[in-house]
Amino acid sequence: MPKTTLPSISEIKKQFPQFSFAENEIFHWSPQDNCVYYDEAELYRKEGIFQLLHELGHALAGHTNYTSGIQLLKIEAEAWKQAKDLATSYGLKISNKQIERCLDSYRDWLYLRSACPNCETVALETEANHYHCFNCMQKWKVPADQRTRHYRLKLVNQLTN
Ligand SMILES: [Zn+2]
Ligand SMILES: [Zn+2]
C-alpha cells in the first residue's frame, strides 16, 4: 500500500476559515461555538483524521442540536457522507464498513435507550427524550446527552481496526 500523507490540522483550518477549531479531549462539533473540537494526540493517525472530518461534516451540513434518537442517526449518517467526500479530496478512503460500524454503535445506543425498562419492548419516542411503551404503558425519560464521554471515545476506538 502506498503511504498517503495525512492532511495537517493547519491545512484543514486554512481550508475552512468559516469555522473555528480548538483542542479538546473529545472530538465534537459545537454549533453554539461554531467550532470543531479535536483531540490533537489522535491526529497522527488516519482514524483521528477521519473523526475530525466527521465533525467537520457536521459543521458543513449545518447540523445543530438533535432532538430525537432517530434524528441523531440521520445526522450521523449525513456527517459520515460529508467526511467521506472530504477524505476523498485528501486522497484518503473511509470505507462503508467503517461507517456502518459507527452507525451500528448509534443504533445500539438507540435500541438501549428505547427498550422499555419494564417489559423490554422497543418503545416509541413520543417527544424528544421521552418514551412511551405501548405494551405495558410505562413512560420514561432518558437524559438528553447520553452520548457520554466514554461512549464517544468508544466510537473513536471502533474506527481503529
Ligand atoms: Zn457525529
Ligand atoms: Zn413496557
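Modeller: Gladly! Let's start with exposure: a residue is buried if 20 or more other C-beta atoms lie within 10 Å of its own, exposed if 12 or fewer, and partly exposed in between, with C-beta atoms placed from the backbone. Asparagine 34 counts as exposed because 11 other C-beta atoms lie within 10 Å. Keep in mind that this is a predicted model, where local features need pLDDT of at least 70, side-chain atom pairs count only at pLDDT 80 or more, and totals for chains, interfaces and linings use all residues. Residues are numbered from 1 along each chain as its sequence is written.

Colleague: Where is asparagine 34 placed?

Modeller: Strands (E, at least two residues) are DSSP runs, numbered from the N terminus. Asparagine 34 is in the loop between β2 (28–30) and β3 (35–38). Its phi is near 50°, a positive value in a residue other than glycine.

Colleague: And what about methionine 137: buried or exposed?

Modeller: Methionine 137 is exposed, with 10 other C-beta atoms within 10 Å. This residue lies in the loop between β5 and β6, and its phi is positive too, about 70°, although methionine 137 is not a glycine.

Colleague: In what order do the strands of the open sheet come?

Modeller: Two strands pair if DSSP finds at least two bridges between them. Here three strands form the open sheet in the order β4-β5-β6, with antiparallel pairing. The edge strands, each pairing on one side only, are β4 (124–127) and β6 (139–141). Three bridges join β4 to β5 (residues 130–132), and leucine 124 stands opposite histidine 132 in β5.

Methods. Chains lettered and ligands numbered in written order. Helix = DSSP H or I, 4+ residues; strand = E, 2+ residues; numbered from the N terminus.
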